[in-house]
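Student: Can you walk me through how these labels get assigned? I'd like each value set against its cut-off.

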Amino acid sequence: MALAQALPVADDKATVDDKAGEQGEILVTGSRIRRIAADSPSPVAVVDADQIRATGATQIADVINQLPALAVTLTNQTSNRTGNAGVNALDLRGMGTQRTLVLIDGRRQVPSVPGTSAVDLSNLPASLIQRVEVVTGGASALYGADAVAGVANFITKRDFQGVDANLRYGASTRGDLDIYSMDLTAGRNFADGRGNVTLYGFYEQQPGSVTGADRPWTAGGYPFYTRANANQKYYISDDNQNIYSSDSPQVVLGGKLYAINPNGTLRAPQLGSQGFTNAVPVTVSNTNSEALGTLVTNSGGEYHGRYDGWYLAVPSERFSTRFSGNFEVSPALKLFALASLSQNRSEAAYAPLTAFGSNSVPRDSPFITPAILAANGGALPANGLYFARRMMELGTPSTLYRRQTFQSAFGAEGDFRLLAHDWNYSTYYSYGVTEQQVRRINNTSNRRWTLGLNSTTGANGQAVCRSTLTAPGNGCVAINPLLPLTQQMIDYVQYSSSWSRSVMKQQVASGYVSGGLFDLPGGSVEAVIGAEYRKESNDIGVSDEFNPKNARYDPTLGITATPLLGKYDVKEAYGELHVPLLKDVPGFRSLSVDGAVRLSDYSTAGNTTTYKVGGEWAPFRDIRFRATYGKAVRAPNIGELYTASSIGGMWITDPCQTWNLANRVDKTQYTPKNCATINPGDRNTYWVYRDIISKGNLDLKPETARTLTVGTVLQPRFIPGLSLTVDYFNIDLRDSIDAFPAQTLINKCVDQPTLTNIFCPLIQRDANNNLLSVVTQKLNLAKYLTRGIDFGLQYATALDRLGIAGVSGRLSVDANYTRLLKREYTLDPTDPTTTTEYRGVFGSPTWKGVVRTAYTADSWGANWTLRHFSPMRTSPSVTSALYEKRYTPDVFYNDFSAWVRLLPGVDLSGGLNNAFDRKPPRIPGAEAGGANFELANQAGVYDVIGRTFFVGARIHY
């Protein structure tokens, strides 16, 4: 990673130590003690304003996510699926946004997503940032909960004098994804420089969207693994489309596949040139429901792409403004205050209702035509007529988001003398509130859909819902899915909800004093003593239609949720110590040890203690060794504790179903025996739509991690301006607070040695032992083990040193790579069979790196960024024993940008990102960006947009 100690390297004619002395002691994110940045025992990755500006990005998360320590999670190009469209959040080491603490100028921010600690970085646009410092390891003792994986500190421009205005336009080279943005920073010093006021404003609009249908790698057929028999390895079959994606109903009659025209006549389906592409020919029958979900065709024909309707980049609109001021009354009293307001709107979209699996028309329905009966030999089986179809008449369902965040802070800091040493203090109070409103548009009620499908003939000979016979006047409308839906049918199954409203509030009062205690041969012993009080509350609302306590509650929508008010407070005291033992003696240019401890008292989780110890040793000026070991604790957040019981629906499948027992690749040796014990009554139906019950868990305890970093820094005198770093990291997280997907819980129940395990009580079955519902509840269960090595190389030189006539300017190279050694996830630490290695799986490349090369002259400059992902595979189950082509190739992205000064204070810039239009690899899942939905909702590993460009103008004086 780019390290803080490289910041002073502004001129290669001076050494790092020389420049650090000129710069003086600064406050490094990895410590509250003022020190030369190079003395920090913890690796600190830095991205500065010039590197941010070179990307042309307006969203700072897009730049920071390029660091190899970050896993891509929530951005405009990944958040469509996650339920928080438009949020930009960080995930250090791939351990989740809830384990990455985000600070702005060293201060906590109010969360942006209800029930979580995730901070939306889109509220802090890129032009406002002076630099970003990322600390991994040992941060929890310094900054408290949520810093398990580390801290990202965004340091804003301060004491800004003048005006800095930017206009930008960006788009893809395919003519979409237009992005317009503008920002203005204006500041003025007064009172002989003792005071400053700065005002900032930002507006960005991305009005359009990019869907799966807009890119060739997602619009056509998709790749998946298949094989003809158990004696051969799985291979990749590409260019496939499911038959359930057709506008026209697909039915199996007399062992033959038919499509149904809008007028009700039967016809042969319009298949692609290769017809069915199943490795194993499917024996079709109208009693084999899963066949309609597994038959596929070659590209072409009448079938839609798998990702049609899904946003690859969500539309958004953002506005933010910020005012800050500070005034130095005296060196011992410097006052500051700030206030910011941010608003954003965004939208997520999905494919229309797709019916297959257990969807069927009853045999006695009047919608069954004579032609259908004749094609099937004169009658239908007892379970009716299964069909598959994408219901395009229902339109694109979407979710709208409106967010507003207000953040304020005021405080004081200053310097004074105590015990014959320099001391300083800092104290502040902050208040933040986020309001989020969510509304569903054009959604389909699966419960109404199911009731409407279950049709029969009424007393008047007309089609009626079967439920109407026992509950007259229930409003059910009989649905005929074999013809285009009528408006009455559409109005019955489709709904748009009212706006839900959630409010998150945070108050923080914090302060510390820091300074020297006494002197040792290595220098002054420095200490920090501080305290902090934090209070957070979430008033999480739901749409009226889902709330059973509201008069507008509609149980036929199939969603039940209740509002909740969750809150907690925490009182903390902490201390830090820096002990310089030796300095400038043979074999010890410097030797020091560091320590920190934090005591916390949570109103929900009780008392916790975190600590860290570390040290650094430089035998001579060219090399330095450092190490940090610590204990990190994360208390459960509001959403994990208090989430009220809500009931929704989901398509799930029983692992004891006949096809799953024979073909599910991740089943265990225990699965057949356990399924025989359960003995479900229905082993033929593949997909079933069942209740999924989500709720919080007040019995949750804090999770605990042990973190270790050991590294070295090389700054050879014979190559001025060069810095090399190598750091090993190890994070061992126990009692992790996780909620597991419903399908995972169902599978794990039957995959254990016995049915007496922690998963089976969460699975409810009916009297016939068929799936009835699943409870998805947070548990203190899982274990993470992450190990790796960070490599950093930085070099900067003035080109006139090369002695070539006419060559001037400055060249710099900043290379950061991470070698992931292990990313092990254990679902149930009591059961070794639940341990899975995710290194080399989507989202966790063995090697990830970014190399930034920049040339800067007086009036122009150019930048080249090279991003690299090493080969990855779809899932841990894709092994060499079972699969032929397992890994994607090495993927490199090249970004180029340049700027030129037209007039003093007037610059023009432009650039290309993914300049060579690198397409996603054709490995299953990678074609849509690469996603690992088992461990975390991670997508965006691969670029699904393609080549984009930007142009900009900057006025500054």
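**Disulfides and strands**

Tutor: Cysteine 465 and cysteine 476 form a disulfide, S to S 2.0 Å. The model is predicted: local features need pLDDT of at least 70, side-chain atom pairs count only at pLDDT 80 or more, and totals for chains, interfaces and linings use all residues. Residues are numbered from 1 along each chain as its sequence is written, and side-chain values use heavy atoms, with hydrogens and water left out.

Student: What makes cysteine 465 and cysteine 476 a disulfide?

Tutor: The term needs a pair of cysteine sulfur atoms within 2.5 Å, and here the S to S value is 2.0 Å, so the pair qualifies.

Student: Why is the disulfide of cysteine 465 and cysteine 476 called left-handed?

Tutor: The torsion about its S-S bond is about -80 degrees, so the link is left-handed. By contrast, cysteine 749 and cysteine 760 have 95 degrees about the S-S bond, a right-handed link.

Student: Why is cysteine 760 called buried?

Tutor: Buried means under 20% relative accessible area, exposed over 50%, partly exposed in between (1.4 Å probe, protein chains only). Cysteine 760 has 13% relative accessibility, so it counts as buried. Cysteine 749 is buried too, with 8%.

Student: What makes strand β3 largely enclosed by the rest of the structure?

Tutor: Strands are DSSP runs (E, at least two residues), numbered from the N terminus. In β3 (residues 44-48), 4 of the 5 residues are buried, so the strand is largely enclosed.

Student: How do you know that β3 pairs with β6?

Tutor: Pairing takes at least two DSSP bridges between two strands. β3 and β6 (residues 129-135) have 5 and run antiparallel, so they pair.
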